[in-house]
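The following explanation is intended to be read alongside the sequence and the coordinates.

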Amino acid sequence: MLGPTNTGKTHYAIERMLAHQTGVIGLPLRLLAREVYDKIVALRGPSVVALVTGEERIVPPRVKYWVCTVEAMPEGMMVDFLAVDEIQLCSDPERGHVFTDRLLHARGRLETIFMGADTMRPAIAALVPKAQFHKRERMSTLTYSGSKKISRMPGRAAIVGFSVDNVYAIAELLRRTKGGAAVVMGALSPRTRNAQVAMYQNGDVDYLVATDAIGMGLNLDIDHVAFSSLTKFDGRRMRYLEPQELGQIAGRAGRHMSHGTFGVTGEAPELDDEVVKAIEEHQFRPVNKLHWRNSRLEFGSVPRLIRTLEQRTDDIWLSRMREADDLLALKALSADAEVMARASDGPSVKLLWDVCRVPDFRGISSGEHANLLRDLFNFLHQHGHVPRDWFARQVKRIDRTDGDIDTLSKRLAYIRTWTYVAQRNGWVQDESHWREQTRAVEDRLSDALHDALTQRFVDRRTSVLLRRLKQKEGLVAEVNDNGEVTVGGEFVGRLEGFRFRMDKTGSPDEAKTLRQASVQALVPQFNLRADRFYNSPDTEIDFTEQGGLMWGDQAVGKLVAGADPLKPQVVAFVDEEAGDDVATKVQRRLQHFIDRKVAALFEPMLNMQRDETLTGLARGFSFRLGEGFGIVPRGDVAEEVKTLDQEARGALRKHGVRFGQFTVFMPLLLKPAPTRLRLVLWSLAQKLDEFPEAPPPGLVTVPALKDMAPGYFAMAGYRAAGERAIRIDMLERLADMLRDKDSRGGFEANADMLSITGMTLEQFADLMQGLGYKAEKGERAKVKATETAAPAEGEASEVAAEPVAEAAPEVAEPAEMEVFYTFTWGARPQRQARPQGGRREGGKPQGERPQGERPRGKGKGGKGRKPEGNTKPQKFEAKPKREKTIDPDNPFAAALSGFKTK
């Protein structure tokens, strides 16, 4: 039964076997044998079906049908029906001799079928002259589609690699871009392979990454096969794949009546036109040589056995195969003296050959494998079985499910060795126990490997979402109180305001895929959230000192400069996928918020600008004050202030304008909330990259940092003077105290001055120098109050009773000194980039005396007292305090009217 893939050859053979009373079918892979076994069990039940492979043996008492790997087919068994699948493997360098032997010698009593490629027709016709040929045509077409990037690979595709590293790399890329892939390799156990294939078949993943094992009859729903390479390592060397090998693998695409495609991907070059034509038309060069090894072995001695294995043939269709692993192991053990001493007769040589046929599942090295075989042979020859304790230790050492994919794969390869040993008749005591034990360990490792493969190469969340999108299922997004977004029960990220923040992903490709699958379901949530935001009160919205706009703890926009500094514009943070309606609604709500915030916090200033009774210079000055957001250093508007008459000033005072000696300002706008907004609006107008923060509320002075933008301290409600900046309203109070001081003759700071500034004497001196005063430092003796201590009771008489001693010379104690500063008016203020205070040229700062306060005269003689450092301390009589009137322009006057100083 010859023909290309997808012709139903294996299915036909199963039907023919079940039409007989007994039968055996040989299959090329353990995986395929298990698949066929499951099918027959489903049809006839497990009591009459046997499964025999190198590592698995299920033989019920009344078996009728045997499903085996070709190597494990029972020899000499008389059955009505016999079939061998993939007979073209007779030309395989590694296993071809086994298939050739079955072709030459395996027969059913009533019917024998060999299934495979049509390239075997000439060889079979020559070697089996009585064979009848039935050609099967492919049920669907196979078309070459060229090269495709893995990221653009169509769904239901299998990508073929020829090394473990290559398979893993492709699967990792598919996980990032497509949600994941199932992995199928010949080294996997049937349990792991079936679990991986099930993910692909049921649609959990849309891609399969496999070795050339899928070319051997595995029936999967594949629409496209892509080759990631056109070369493979065949155990001896790297070589190019033959066209018939490529055709065998490409033929997995398109099942039953569904057409398939094949192509290349990654670094694989385009296929030649001749190769493409051969694959599409299933026309390949016929097989002209079959690999063969003598199967009539003689066990008289080890050298005699080796000679029969190396025997040549004169048949032109047969070619002696290269040395297989079992023959290499036999030659290695023949060099061991103990082994040769034991293998002295026919049965022992037969036993040695059976031991040498144990496959090298571990693949460590030929030397390691030979050592293992030597131990097994010595045990079996000496004891007749492998010792229980030794075998148990080998199994227990492997029975662990921790570790990564490579570690689990190695353990799985190791347990396959002990599973194979346990399956040999008579090699271990309590065979059923150890077969169950090794099978249980293999199952546990298989499950752990499947989980590890799935965890590494499948993003279940992305694959589930993409599958539902592909099937056009309605995806519903749910957002909890913490903003966590789940779509179809899968956590996908967080919704921050009106922007979707995806869960942390491994690469930009993976993030793009996840976003594509999630954002569609989020559209209704965007609209619901926009409605809730639009109807929320202003108390739920705020601005940050960097110009951000917050809804609770979520950023929803930012402020940008507008044409008018007092009319900033907003930019809403809304994902493009949310739609224009949502973006418009959010932007409109934020604009309403900031417009109302400016109107509320700057209400006195805006009312002043809208006052139509203000005319002329007063109206012009109100707009000048508005440009400064309610604060203007007097030095900047000195000329404008001069031109204002009393009527204009009175009109401005009605709106809360205070004409201070250093600053013209509106005290109500010095409160923390207006100050915070003023700094943001000023930063926008100045186009600053980073907005300065407002000083903490309540501080009278703050450090005068040198790297601040020019004009910052005025906008913050402070004036820089020396190393510190002082709040402008407190500076005006200080100016009132300095008004009646003798700035020419000099004066000292009193306790009230230090108290309102909260400074030490040295800090105050630096402040005064920053305001334009000279500070002369001096020292003098500190005045102490005279204290007379009364003697304690009983001490006076004792002192009196003592004889009067000669008076000691009186020693003068050193006087305690104190530091003081004498302040006189000096030149321009220090450390100022430009004049910050309003003063007349050549004189100390001038301002308006608060209304209701009398002019203050100078001290006695019209001049202040200039202290002398070495004069004796003088006593000053306390003068009655002069009652101060409350300054109506000072917002702190009411609170400070009862302020007392120490």
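Over how many bridges do β29 and strand β30 pair, and in which sense, parallel or antiparallel? In this predicted model, β29 and β30 (residues 724-727) are joined by four bridges in the antiparallel sense. Within β30, Ile 726 is the residue that stands opposite Arg 719.

This pairing belongs to an open sheet of three strands, arranged in the order β28-β30-β29 with antiparallel pairing. The edge positions are taken by β28 (701-703) and β29 (718-721), each of which pairs on one side only. On average, and with direction ignored, neighbouring strands of the sheet are turned by 30° against each other. Helix α26 (residues 728-738) lies across β29 and β30, and its course makes an angle of about 85° to β30.

In soluble globular proteins, nonpolar side chains tend to be buried together. The largest nonpolar core in the model comprises 69 residues, and Phe 498, Phe 602 and Leu 652 have the most contacts inside it. Helix α19 (residues 580-601) supplies the largest share of this core, namely seven residues. Apart from this core lies another, of 63 residues, which includes Ala 226, Val 302, Leu 330 and Val 349.

When residues up to four places away in sequence are not counted, Phe 498 touches several aromatic residues, including Phe 526, Phe 533, Trp 551 and Phe 573. Among its other partners are Ala 530, Val 556, Val 574, Val 582 and Val 586. Phe 498 also touches Arg 529 and Asp 575.

How values were computed:
Residues are numbered from 1 along each chain as its sequence is written. This is a predicted model: local features need pLDDT of at least 70, side-chain atom pairs count only at pLDDT 80 or more; totals for chains, interfaces and linings use all residues. Side-chain values use heavy atoms; hydrogens and water are left out. A nonpolar core is a set of buried Ala, Val, Leu, Ile, Met, Phe, Trp, Tyr and Cys residues joined through side-chain atoms within 4.5 Å. Buried means under 20% relative accessible area, exposed over 50%, partly exposed in between (1.4 Å probe, protein chains only). Helices (H or I, at least four residues) and strands (E, at least two) are DSSP runs, numbered from the N terminus. Contact means heavy atoms within 4.5 Å. Two strands pair if DSSP finds at least two bridges between them. Axes are lines fitted to C-alpha atoms, for helices over the stretch in contact, and angles run from 0 to 180 degrees between N-to-C directions.
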